[in-house]
Amino acid sequence: SRTYNLEYGTATLEIPAGGIELAGRRVAIIDDVLATGGTVAATRDLLTTVGARVTAAAVVLELAGLGGRDRIAPLAAHSLRLL
């Protein structure tokens, strides 16, 4: 699991132990919003811990002024809409 800070509190992401075989697999992270980058960074860290190779992140909406893209660099990030 990974616990991380949000603008309004904290959240925790979890992967079931032994539930998914990700070692050596290439994965992309898909999320709704990239704001400060906390969710994508925590997801990347968690997936990397179980052996996945995180290759990119894609989001529907990016709030550029909050620095999320910088926080997840050098991970390639793609957004459908930039605000």
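This is a short tour of a predicted model, stop by stop.

**Stop 1: the sheet**

Start with strands S3, S4 and S5. Together these three strands form an open sheet, in the order S3-S4-S5, and the pairing is parallel. Select residues 26-34 for S3 and 76-82 for S5. These are the edge strands, and each pairs on one side only. Now look along the sheet. On average, neighbouring strands are turned by 15 degrees against each other, direction ignored. As background, strands of a sheet pair through backbone hydrogen bonds, either parallel or antiparallel.

Next, select residues 53-62. This is S4, which pairs with S5 in the parallel sense over six bridges. Where does Glu62 stand? Find Leu82 in S5: Glu62 is opposite that residue.

**Stop 2: Val59 in S4**

Stay on S4 and pick Val59, which is found in this strand. Is Val59 buried or exposed? Its relative accessibility is 8%, so Val59 counts as buried. Show what surrounds it. Leaving out residues up to four places away in sequence, Val59 touches Asp31, Asp32, Val33, Leu34, His78, Ser79 and Leu80. Take Asp31 from that list. Val59 and Asp31 are 28 residues apart in sequence, yet their C-alpha atoms are 4.9 Å apart in space.

**Stop 3: helix H1**

Select residues 38-49. This is helix H1, lying across S3 and S4 and running at about 160 degrees to S3. Check its length. Twelve residues at 1.5 Å a residue should span 16 Å, and the end C-alpha atoms of H1 are 16 Å apart, so the two agree.

Now colour the buried residues of H1: Gly38, Val40, Ala41, Ala42, Thr43, Arg44, Leu46 and Leu47. What do they pack against? Their partners are strand S1 (2-6), strand S2 (9-13), S3, S4 and H2.

Step past the end of the helix. H1 is followed by Gly51, which has a positive phi, near 95 degrees.

**Stop 4: the nonpolar core**

Show Val40, Leu47 and Ile72. In the largest nonpolar core, which has 14 residues, these three touch the most other members. S3, H1 and S4 are the elements that give two or more residues to this core. In general, nonpolar side chains tend to be buried together in soluble globular proteins.

Zoom in on Leu47. Setting aside neighbours within four places in sequence, Leu47 is in contact with Ile15, Leu22, Val27, Ile29, Ala52 and Val54.

**Stop 5: the salt bridges**

How many salt bridges does a search of the whole structure find? The search finds two.

Arg44 forms a salt bridge with Asp45, and the closest N and O atoms are 3.6 Å apart. Arg44 counts as buried because its relative accessibility is 19%, and the cut-off for buried is under 20%. Asp45, at 36%, counts as partly exposed.

Then select Arg69 and Glu62. Their side chains meet in a salt bridge, 2.7 Å from N to O. Arg69 counts as partly exposed at 36% relative accessibility, whereas Glu62 counts as buried at 5%.

**Stop 6: a cis peptide bond**

Finish at Pro74, in the loop between helix H2 (68-72) and S5. Look at the bond that leads into this residue. The peptide bond from Ala73 to Pro74 is cis, with omega near 10 degrees. For context, most peptide bonds are trans.

Terms used
Residues are numbered from 1 along each chain as its sequence is written. This is a predicted model: local features need pLDDT of at least 70, side-chain atom pairs count only at pLDDT 80 or more; totals for chains, interfaces and linings use all residues. Side-chain values use heavy atoms; hydrogens and water are left out. Two strands pair if DSSP finds at least two bridges between them. Helices (H or I, at least four residues) and strands (E, at least two) are DSSP runs, numbered from the N terminus. Axes are lines fitted to C-alpha atoms, for helices over the stretch in contact, and angles run from 0 to 180 degrees between N-to-C directions. Contact means heavy atoms within 4.5 Å. The expected span of a helix is 1.5 Å times one less than its number of residues. Buried means under 20% relative accessible area, exposed over 50%, partly exposed in between (1.4 Å probe, protein chains only). A salt bridge is a side-chain nitrogen of Lys or Arg within 4 Å of a carboxyl oxygen of Asp or Glu. A nonpolar core is a set of buried Ala, Val, Leu, Ile, Met, Phe, Trp, Tyr and Cys residues joined through side-chain atoms within 4.5 Å.
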